[in-house]
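Got the sequence and the model open?

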Amino acid sequence: MNLTFCRYLLWTMRTELIVGCVGMTLLVLLRSEPFLSWRVGNVRLMADSFALLMTAIGIAVSLRVFHDPPGVSVWLQARGMTRRTICQTRFLTGLLVLAALLAWLGILMSTGIRQAVQLSFDSPWFPMVRWHELKVIPQLALCAALPFSAVTLLLTASRTDDSLYPGGWTTISAIAGLLVSFLAIEWIVHSSSMGTVVAVLLLLSGLAVAVALSAISEQHAS
Amino acid sequence: MSDSVISVQHVCRRFGRVQAVDDVCLEVARGSIFGLLGTNGAGKTTLIRLLMGHLYPDAGQLQVFDSNPRTHDAETLRRVAYVSDRMQLPGGMNLQDVLKLNSTFFPKWNMEYALNAARQFDIDLSAKFSRMSLGQKRGAILVQAVSQGADLLVLDEPLSGLDPINRRKCLDLLLVAAVDQGLTVLISSHLLHDVERIVDTIAVLNRGRLVTSGNLEDLKTRLRRIRIDGVPKDSELDEALAGCRVLKKGTNHEVTGLVVDGFDRSSQQRLEEIFAGRVYVELMNLEEIFVELSEQASVTFPVEVGAGR
């Protein structure tokens, strides 16, 4: 991982990060329903807007970290980094952004900020659910990380040699990633701990395959 | 360590039905300024992208600094500075930000050199790239390339779209950097008058194939355009041009024009003996050499044949 490149990527995403953090803060603070129902595994993805939002964020972050304005990727490729480093840094920066968002959610819940806002609205759920709600964070992490991993995998695969693929490949990747992620999360959220284990394995395998693909692209001609 | 910085051996690359690069072989010597010339679609950019490791070759071997560009480590990649006409800088950044960023990307980055070079293009260090003129943007990209401490500079059409003043500034910057730092430079361009000022070696590509390559002065010495009044017999021409290779021949019954390779003093003497008073031998500049060596030029020959010098 190249820290300078990571800093650059975060700098290019600064507006989206600020808007995302503010939006997420408002949504979490103003959500009157507790996140508790997720814990018993009887809520489907389609029925929960927050889960869908996290899925969308996962896809958006993936597309954002892997997409540069026209001509800028040529400039970045000439900054003395190997393709593997570029790919790994983009992937890890995306994960860092998602982790930071989830950490911010955790802070809002654990420090009692959400509780204070909800109590001011006379919520019947607080302070009872304050600590229990934190258990939703891993589930939200999966909702974001799975589509991120799926889209990243497809984008990386499509760039082993960019001249081989048509221009619309990024769009196709995004749609395919969305579909795969949606089906996976539907199943994972609906099922129990076994689904969580499978999701983590999927996430790790996504990372492994992305790294392997970049390595293959470097070794291909040797 | 090899004396060639770049070695291309029988490289081919196809895009669908188009053979972009076809069995090209060339060598770029350490310390040379190498001009890669060709018409649109000749395969210059594809060859450069292959050299930069952005594309796979279908066949053949490419070496940059004695290793395959697809497998270069970060240290070797930092030895190559790349500039392309497709290259853009992040619109929200200014040159000061980018120079600072580069100083962490490149351990051998020379900030003083970069700041001095930037002054030549009248670039406001705090102005965002999105508000700069094309000349300033291209200048900013070149400033980065010559300041990163590279050993090889690869430039793909760096002068296209620039006005004469900015072209001259870019060329001066390149020349000074090449001399100061002992850089090897590979430059592709259509602007032959400009390129002729700085290159010492050229390669001409046409429809993906290498037409010729070599030292520019040697080529200028070897290649001649010959005009003979009337239509000489083939036997006379064979005798006069023994040892030369006729690249082109055309006649309009009043004048016969030829472009020959391998011309020397003895060829001159034989021509003057056989066609006394009827022969004119012309030197050719880079543009004329390029035009004559490219297939598209054949339709204009011998109409363009001018008076002898």
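Q: Which strands of chain B does helix α5(B) lie across, and at about what angle does it run to β5(B)?
A: This is a predicted model, so treat what follows as read off computed coordinates. Helix α5 covers residues 134-147 of chain B, and it lies across β5 and β6 (152-156) of that chain. Its direction relative to β5(B) comes out at about 170°.

Q: What is the strand order in the open sheet of chain B?
A: Start with the edges: β5 and β9 (209-215) of chain B each pair on one side only. The sheet is open, has 6 strands and shows mixed pairing. Neighbouring strands are turned by 10° against each other on average, ignoring direction. Reading across, the order is β5-β6-β7-β3-β8-β9.

Q: What is the bridge partner of Ala203(B) in β9(B)?
A: Look at strand β8 (residues 201-206) of chain B, which pairs with β9(B) in the antiparallel sense over 6 bridges. In β9(B), the partner of Ala203(B) is Ser213(B).

Q: Which residue takes a positive phi in the hairpin of β8(B) and β9(B)?
A: This hairpin has 2 residues between its strands. The phi in question is near 50°, and the residue that takes it is Arg207(B).

Q: And in the hairpin of β1(B) and β2(B), which residue takes a positive phi?
A: Strands β1 (residues 4-15) and β2 (residues 18-29) of chain B run antiparallel, with 8 bridges joining them. Across that pairing, Ser4(B) stands opposite Ala29(B). There are 2 residues between the strands, and the one with a phi near 60° is Gly16(B).

Q: How much area do chain B and chain A bury between them?
A: Interface size is often quoted as the accessible area lost when the parts come together. In this contact, 32 residues come from chain B and 29 residues from chain A. Carbon and sulfur atoms account for 60% of the buried area, and the total is about 2600 Å².

Q: Which residues in chain B lose the most area to chain A?
A: Three residues together make up 26% of what the chain B side buries. They are Tyr56(B), Arg70(B) and Phe105(B).

Q: Which element gives the most residues to the side of chain B that touches chain A?
A: The elements giving two or more residues to this side are β1, α2 (74-77), β5 (80-84) and α3 (95-105) of chain B. By class, the side has 14 nonpolar, 12 polar and 6 charged residues. The top contributor, with 5 residues, is α3(B).

Q: How many residue pairs are in polar contact between chain B and chain A?
A: Salt bridges across this interface number 0. Polar contacts, with both residues at pLDDT 80 or more, come to 7 residue pairs.

Terms used: Residues numbered from 1 in each chain as written. Chains lettered and ligands numbered in written order. Predicted model: local features only at pLDDT ≥ 70, side-chain atom pairs only at ≥ 80, totals over all residues. Heavy atoms only, no water. Pairing = 2+ DSSP bridges. Helix = DSSP H or I, 4+ residues; strand = E, 2+ residues; numbered from the N terminus. Contact = heavy atoms within 4.5 Å. Buried area = accessible area lost by both parts, 1.4 Å probe. Salt bridge = Lys/Arg side-chain N within 4 Å of Asp/Glu carboxyl O. Polar contact = N/O pair within 3.5 Å; in protein donor to acceptor, adjacent residues only side chain to side chain. Nonpolar A, V, L, I, M, F, W, Y, C, P; charged D, E, K, R; others polar. Axes fitted to C-alpha atoms, helices over the stretch in contact; angles between N-to-C directions.
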